[in-house]
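Here is a short report on one protein model. Read it with the structure open.

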Amino acid sequence: MDATPRRLISGLLLFALATLHLGYARNGPNYYGKLIGTLQNYAHGIKGKAYAVDDATIFIKGFCYDGTGPDAYFWVGNSTMPSPEGYIVPYPETDKESDPQVLGAYNYTDIILRLPGGKRIRDIKWLSVWCRRFTVDFGDVYIPHDLKVPKLQVLPEFSRLAHDLRSGNISILDSKTIYIPNLHYDGGGPDAYFWVGNGSEPSHFGIKVPNEIGSLAPLRGYQGEDIEIVLPGNLTVYDINWLAVWCVEYRHNFGHVLIPKDLDVPPALGQTKITPPWWYNPTSSTPTPKAVSNCKEMLEGRVQVQWQLKGENVQIRISGRIREDQYVAFGLSGRDGTAQMIGGDVVVIGYDNRTGKFIAEDYYMSDFAQCDGKRGVCPDKRIGGKNDAVLLHGERKNGITTVTYTRPLRTNEPEKDKIIPEMETSVIAAIGPLNAKGEANAHERFDKTTEDIRIDFTSRNVHECTNSLYNIPDSPDLKPWTPAVINDKDTFSVRIGPTGGKRGYSRITGTPSWGIAWYINDLLIPELTVERGQTYTFIVEGGNDSVNPARYHPFYITNSPTGGYGQKNEEEQMEQKVFAGVKYDFNGYPYPTAAGRYCEWVRTTVDSADNYETFNSFFRTLELKCDKGEPAKLVWTVEEDTPDLVYYQCYTHNHLGWKIRVVDAGYRSQRNVNGVSQVLPTFAILVTSMLAVFLFSR
């Protein structure tokens, strides 16, 4: 016999022996999870052994019950012993809206129980077969206080070796089921498969694993999809050392992940339900929201929220009809029973043009203001917390951005994160622009939820979505307002006002707005012209209440098109040059000098600013409201070395101001002279023409 076939047979025999040995030792046919105990029989022939499959699932091996109890259920609770102070664990499992069935007769039946409402085994002390009508315990088993239940195992992502193979962190859900999030593969391998085996690295001694729909066809391409695969036959994760994407024909490893030896994952008893990916529909090429367990529409169908409870986490998929530079924010309302932004705990999803990556960022909203590094609408990371949202997958197709992420039911940051309750709770959503930092800017008033929308994140089979997300027409391209210009003034009033929707600040500057901007001489962010050597006075009414970021907007002049000097760190401050409005204390710390009382132009109507074709028509819907107090004054003498372009900005927030053109002394007076010299010849030509016509007609 040739040496190569001998080595092949030898390797396969070793693999089979390792499979048999490890399988029976760690996860053989008699392994059902961690033993809880044997059910005690008090009446009606109760028998069976209970095992903890995972933190929310109990398996009863060989359950017996004569079925003659009039109102008997599986019953769990947290009291010292079985009592009426408990709740039903439905069996057979039913929809959330259906009443649980009274237990029938069972004769050595294997049963899987899933604790309802997000409950965990650690939350209970006993499992009973309980008759509610007569408050009688037919049989029970107690949960050991030191019980360690098997848990899913999170692994690294695929190594990236060839064909653009990459993924998110891979998870072992149970002994046969592997979850691969955000899978990318170009599909270019001629004979590639999911491939498992033994040894320190992938080799041709391996076994094919069916893909997410159970097929052993060569792998197609994947573009950031979340899939689950199941090991074939009696093979378990205890039998393998690696999972790879492997080309059989050319014996080439496109990428792999190693499987640890110290696994303690749930047994594969059918508790992990394998479902096709959300996009998969064999009869349609259009994604259908009803392919997932739960779905709810928000913001007039422009946003769809899909969710599924996964252990201690909730997996959420947000789909929004938004532009590439916009975000969708979704999360828990600041107050249950209403749609309240303040105190809300949301995740902002979208696409970050700076990095070319999708985002899922945890935010806390302490105020109606842009984040200043301490308060406002802030990413948790900017105010000393962490991002508890774990991005799994992102994609953008046909004008729809879809991002999938997980977040814990509970975190260790109660001051920034709300607990997701195991019942219906109020949720909020909004659509708005991402700023230059990839952070959420203010949304328009019509782009947020105003009604009380409620979701139970532990629920199942909530189908409240249609295909409207895919049928909404794109918004028309609105004509921007004509940018305002002031080039003949020495004194300026400086106040706060609205940005003017899709026709105003964003279209004029090309950058996202927060929802408020500077109004100079009652014009929305006009471009100013000043002369070197001249002195200018700005009467500032931007608010001087430093503890209220929504009403604290000191005015300053800088070379930065962004502004926000006060929220920058020392290194970032050194990148800006300040020309007026900032001084330094004895310790060298900067402080603003021009704030004054708060004056704001506010809307007197509730319609969209997009409805107004000119700024003048929009301005007629505004009313000036001012707090008591005095304005501040900023006096600026323009130095000779001032650059040709600087900006007026807000000290505490980004993107509130616009351009100041700096010209040489005498520019404005020369411009006026030129203006007269251009008008007089035009007038003379007009008079001459009229006279010629008159004489010719005679």
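## A salt bridge at Arg495

Arg495 forms a salt bridge with Asp522, and their closest N and O atoms are 3.3 Å apart. A salt bridge here is a side-chain nitrogen of Lys or Arg within 4 Å of a carboxyl oxygen of Asp or Glu. The pair links distant parts of the chain, 27 residues apart: Arg495 sits in strand β31, Asp522 in the loop between β32 and β33 (523–524). Strands (E, at least two residues) are DSSP runs, numbered from the N terminus.

This is a predicted model: local features need pLDDT of at least 70, side-chain atom pairs count only at pLDDT 80 or more, and totals for chains, interfaces and linings use all residues. Residues are numbered from 1 along each chain as its sequence is written, and side-chain values use heavy atoms, leaving out hydrogens and water.

## Around Arg495

Is Arg495 buried or exposed? Arg495 counts as buried because its relative accessible area is 17%. Asp522 is partly exposed, at 26%. Buried means under 20% relative accessible area, exposed over 50%, and partly exposed in between (1.4 Å probe, protein chains only).

The side chain of Arg495 also makes a polar contact with the side chain of Glu541, at 2.8 Å. A polar contact is a pair of N or O atoms within 3.5 Å; within protein, one must be able to donate a hydrogen and the other to accept it, and residues adjacent in sequence count only if both atoms are side-chain atoms. Beyond four places in sequence, Arg495 is in contact (heavy atoms within 4.5 Å) with residues including Trp518, Tyr519 and Trp601.

The whole structure holds 27 salt bridges. Arg220 takes part in one with Glu212, at 3.1 Å between the closest N and O atoms. Arg220 forms another with Glu225, at 2.7 Å. Arg220 is partly exposed, at 33%. Glu212 is buried at 8%, and Glu225 is buried at 9%.

## The nonpolar cores

A nonpolar core is a set of buried Ala, Val, Leu, Ile, Met, Phe, Trp, Tyr and Cys residues joined through side-chain atoms within 4.5 Å. The largest has 56 residues; Phe538, Phe555, Ile557 and Trp636 touch the most other members. Strand β32 (residues 516–520) gives the most to this core, with five residues. At least three core residues come from each of domain 3 (294–464) and domain 4 (485–663), with bounds from an automatic or database domain assignment.

A second, separate core has 31 residues, among them Phe158 and Tyr185.

Methods: Helices (H or I, at least four residues) and strands (E, at least two) are DSSP runs, numbered from the N terminus.
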